[in-house]
Amino acid sequence: MPPRPETPPAATDVRRFGPVQRWVHRATAALMGVCVATAACLYVPQLAQLVGRRALVVTVHEWSGLALPLPVLAGLASRALRADLGRLNRFGPHDRTWLRAALRRDRRPGSRPAGKFNAGQKLYAAWIAGATLVMLGTGLLMWFTRLTPLVWRTSATFVHDWLALTIGIVLAGHIGMALADPEARRGLRTGRVGTAWAEREHPLWRPGPPPHPDGPARPRAGSGRAARAAGRTGPAK
Amino acid sequence: MNPQQPPEDAESPDGTDTRGKPVGRRVLLGTLGLGALGVAGAPTLQRGLESFLAGAAGKDPTGLTGLLPNGGGFRYYSVTSSVPRKNADTYRLTVDGLVDRPAAYTLAELRALPQTRMVRDVQCVTGWRVPRTPFEGVRLSRLLDAAGVRPGAGAVRFTCFDGAYSESLTLDQARRADVLVALRMRDEDLGHAHGGPARLYVAPMYFYKSAKWLSGITVTEDVEPGYWEERGYDIDAWVGRSNGRDDAPTT
């Protein structure tokens with residue numbers, strides 16, 4: 001990515017992620033990237049032929065896979081990250097509305113109410129976490145073959161292979177959506193997003209107070225829209 | 001972080017974000033459960049998928065089914081970064097060790113010997129299987145007999161011109177009629193990617209025994225573990241009776 005001049009936080013910016021969330025995302029993405037790249041070199045014949053060095057590639061794949069959950073686990077020490085995990089976990093009535101709109105391919109922002117994370121992001125986060133753990137478990141069965149009944153290895157390989165393919169497709173979707181949304185990428189790069197973007201994409205999200213305590217007071221992003229959306233979807237439980 | 005800045009979760013309680021059903025946790029646990037279920041049901045699922053994909057691969061002009069797990073076709077495995085290429089001029093296969101008449105065969109000399117053609121399934125220890133693959137070449141027992149194995153010999157060690165790979169068989173295994181120095185595969189000369197110009201072909205065993213890029217045959221007293229066997233794979237690698245697998249035997 002070309003270096004961009006770091007513009008000072010504009011008055012229309014809101015804070016979306018702290019350094020912990022950004023670094024956890026970066027480290028996880030890097031490890032996942034290594035896992036996917038080495039997997040491709042083990043699996044796709046043309047790449048396997050190009051790269052060879054099978055024992056080395058296997059070792060890199062195993063250790064990057066083992067390390068994949070560590071950034072999130074380390075990040076649990078941060079209250080901000082735990083708060084975001086809590087937001088990802090909880091689904092309100094507006095998330096159902098968002099999912100229905102997504103299934104209808106209804107792209108109007110008004111029909112897709114979302115808090116800090118939309119329902120799609122919540123589903124993705126939960127699924128990719130579960131899938132990573134399944135990959136870790138089946139990977140360990142394939143790695144330490146002598147620890148388990150031997151027939152398990154074939155079964156673990158089967159699940160590992162097919163789930164890898166599924167993760168590859170889902171991950172491509174995740175990256176594709178990020179590429180299509182520069183402001184969302186800026187949020188993870190700098191921690192800040194524009195107010196207009198936040199109000200459009202995450203109308204129910206109420207960001208924290210502005211980072212400059214002595215800055216001009218402004219109305220909370222999207223509060224008006226949040227009220228309207230809540231009215232439409234019924235009271236939050 | 002600016003210490004004067006209030007922590008992020010000091011923001012006003014956000015009803016839409018922090019309350020609601022813990023669907024995320026359920027999705028995560030559900031994914032884990034499905035994974036466990038997949039492992040438990042894998043033998044059944046795998047048989048079904050294999051037969052379906054084998055049918056689909058026959059009608060697939062793009063070859064994309066070959067990239068799916070268990071989609072059929074060979075996979076290229078090499079343990080080194082690059083493998084030198086050998087042709088009819090540069091290739092030599094040496095036979096030495098506990099033999100009376102050490103030898104070095106050129107490709108032409110190997111081709112001049114009686115050829116045996118076999119059509120069997122190929123089974124890799126990582127799971128893929130390629131049905132009914134013709135291999136053609138010289139019986140290993142013929143080369144051993146020509147060299148004159150000395151008394152006291154009990155095993156054969158194989159080395160490869162990729163510079164790293166090795167394999168071993170007991171002498172009894174090596175003398176089996178379904179063990180070849182293969183020069184042709186699928187009725188074509190063996191290409192580089194498949195271990196050409198000559199590779200070992202041990203029909204009844206997992207395919208890692210069928211060392212690619214074969215360059216040396218050494219008769220020894222005892223079996224020395226090969227490359228993958230040093231890394232945990234079985235030395236006696238009978239298909240369906242080793243490495244914890246229950247694949248259908250290939251012979």
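**Chains A and B in questions and answers**

Reader: In the hairpin of β5(B) and β6(B), which residue takes a positive phi near 90°?

Author: Strands (E, at least two residues) and helices (H or I, at least four) are DSSP runs, numbered from the N terminus. Between the strands β5(B) and β6(B) of this hairpin there are five residues. The residue with a positive phi near 90° is B:G163.

Reader: At what pLDDT do side-chain atom pairs count?

Author: Residues are numbered from 1 along each chain as its sequence is written, while chains are lettered from A and ligands numbered from 1 in the order in which they are written. This is a predicted model, where totals for chains, interfaces and linings use all residues, local features need pLDDT (the predictor's confidence in each residue, from 0 to 100) of at least 70, and side-chain atom pairs count only at 80 or more.

Reader: In which sense do β5(B) and β6(B) pair?

Author: Strands of a sheet pair through backbone hydrogen bonds, either parallel or antiparallel. Two strands count as paired if DSSP finds at least two bridges between them; β5(B) and β6(B) have five. In β6(B), B:S166 is the bridge partner of B:T159. The sense of the pairing is antiparallel.

Reader: Which residue of β10(B) is the bridge partner of B:F158?

Author: β5(B) also pairs with β10(B), over six bridges and in the antiparallel sense. Within β10(B), the bridge partner of B:F158 is B:I217.

Reader: Which strands stand at the edges of the sheet of five strands?

Author: The sheet is open, with mixed pairing and the order β2-β1-β10-β5-β6 in chain B. An edge strand has a single partner strand, so one side of it is left without a neighbour in the sheet. The strands in this position are β2 (103-105) and β6 (166-170) of chain B.

Reader: How are α1(A) and α5(A) turned to each other?

Author: Their axes (lines fitted to C-alpha atoms over the stretch in contact, with angles from 0 to 180 degrees between N-to-C directions) come within 8 Å and cross at roughly 70°. Angles under 35 degrees count as roughly parallel, over 145 as roughly antiparallel, 65 to 115 as roughly perpendicular and the rest as oblique. The two helices are therefore roughly perpendicular.

Reader: Which helix of chain A has the lowest mean pLDDT?

Author: The mean over chain A is 84. Among the elements of this chain, helix α4 (residues 70-75) has the highest mean, 97. The lowest, 42, belongs to helix α11 (residues 223-233) of chain A.
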